[in-house]
Amino acid sequence: LFLCDFICHGVPSNQLLQAHIKFLEKKYKSKLSSIDFRPKTDKQHPWWKHHLRVTFENGSIYDRTLDTDWYMYAFMKKSLTLRKSCYQCHYCNVQHESDITLADFWGVMDYNPVLNDEKGLSLIILNTSKADALIPNLKEVFNLYPLQWEFAKYVFKNRTQEKYSLNKRENFMKDLQRMDYLSAMFKHIGYIQVTSKLNMFIYFSKRLINNMRKIKHLNFIQS
């Protein structure tokens, strides 16, 4: 028996994902057919570039990068949507206690850019002598390249309050419960390229008009 774990940014909230899907289904007027968080279809979608691709039943496709998608931005850039335990992870800055640790090899360009085929490259960290004994077997099925520790140590780092704030996460999730999806995103993230400034202006103008109509209707009833 070998114990294997992996390096991750954190586990995002399923509540937010469902809210994002609902938001997109309303926008594209169709139910979701498939979703891919890292499509490696062409040079525009390399493995190292976080990308969200959503396909709908009516044939529409939503294709956005990390910097232009609300869900991915809140998850990866702002770290607002992780599980509570992720903000106090015990294994983000120390050697793991498993036999093997797996991770995306983000250090490939520093190590050897030739190895980057845009389809993905994994980092394998052997933590025990038991795992070391697997090397001969791994060589039969994988192309292995021994690394100096300097190219792998980046995976262990402290989670600072500046980037991993549980208080910010709690405030964001509360607003997500009491506000509509886009308003909560705009409040905590601000404007990103996912929508134009004109569309944002139109959206909030419609919100203002609808609220004014509700107030006028309420005053009419009370009078």
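**Notebook: core, sheet, loops and salt bridges**

I began with the largest nonpolar core, which has 30 residues, and noted that L16, Y62, Y181, M185 and I189 touch the most other members. For this entry, a nonpolar core is a set of buried Ala, Val, Leu, Ile, Met, Phe, Trp, Tyr and Cys residues joined through side-chain atoms within 4.5 Å. Buried stands for under 20% relative accessible area, exposed for over 50%, and partly exposed for the range in between, with a 1.4 Å probe and protein chains only. I then listed the elements that give two or more residues to this core: α1 (14-28), β3 (51-56), α2 (70-77), α6 (166-178) and α7 (181-188). Helix α2 supplies the largest share, 7 residues. Helices (H or I, at least four residues) and strands (E, at least two) are DSSP runs, numbered from the N terminus.

I record that the model is predicted, that local features need pLDDT of at least 70 and side-chain atom pairs pLDDT 80 or more, and that totals for chains, interfaces and linings use all residues. Residues are numbered from 1 along each chain as its sequence is written, and side-chain values use heavy atoms, with hydrogens and water left out.

**Sheet**

I looked up the order of the open sheet and found 3 strands, β1-β5-β6, with mixed pairing. Strands β1 (4-6) and β6 stand at the edges with a single partner strand each, so one side of each has no neighbour in the sheet. From one strand to the next, the twist averages 25 degrees; axes here are lines fitted to C-alpha atoms, for helices over the stretch in contact, and angles run from 0 to 180 degrees between N-to-C directions.

I checked the pairing of β1 with strand β5 (residues 100-104) and found it parallel, over 3 bridges. Two strands count as paired if DSSP finds at least two bridges between them. In this pairing, C4 has I100 of β5 as its bridge partner.

**Surface patch**

I found a nonpolar surface patch made of F6, L102 and I124, with about 270 Å² of accessible area together. Patch members have over 30% relative accessible area and no salt bridge; like charges are joined within 9 Å, and nonpolar side chains (Val, Leu, Ile, Met, Phe, Trp, Tyr) within 5 Å. Areas come from the Shrake-Rupley method with a 1.4 Å probe, and for residues only the protein chains shown count as cover. I placed I124 in strand β6 (residues 122-126); I124 is partly exposed, at a relative accessible area of 34%.

**Loops and backbone**

Most residues other than glycine have a negative phi, and most peptide bonds are trans.

I located K29 in the loop between α1 and β2 (32-36), where K29 is exposed with a relative accessible area of 76%. S79 sits in the loop between α2 and β5 and is buried, at 1% relative accessible area.

I also looked at D110, in helix α3 (residues 108-111), which is exposed at 65% relative accessibility. D110 and F151 are 41 residues apart in sequence, yet their C-alpha atoms are 7.6 Å apart in space.

**Salt bridges**

I counted 7 salt bridges, each defined as a side-chain nitrogen of Lys or Arg within 4 Å of a carboxyl oxygen of Asp or Glu.

K31 pairs with E25, with 3.9 Å between the closest N and O atoms. I noted K31 as exposed, at 52%, and E25 as buried, at 17% relative accessible area.

The side chains of K77 and D67 meet in a salt bridge at 2.6 Å, N to O. This pair links distant parts of the chain, with K77 in helix α2 and D67 in the loop between β4 (61-65) and α2, 10 residues apart. Partly exposed applies to K77, at 40%, and to D67, at 36%.

I found D175 and K187 joined in a salt bridge at 2.9 Å, N to O. The pair links distant parts of the chain, D175 in helix α6 and K187 in helix α7, 12 residues apart. D175 is buried, with a relative accessible area of 5%.

As a last entry, I recorded K84, R169 and E170 as linked in a network of salt bridges.
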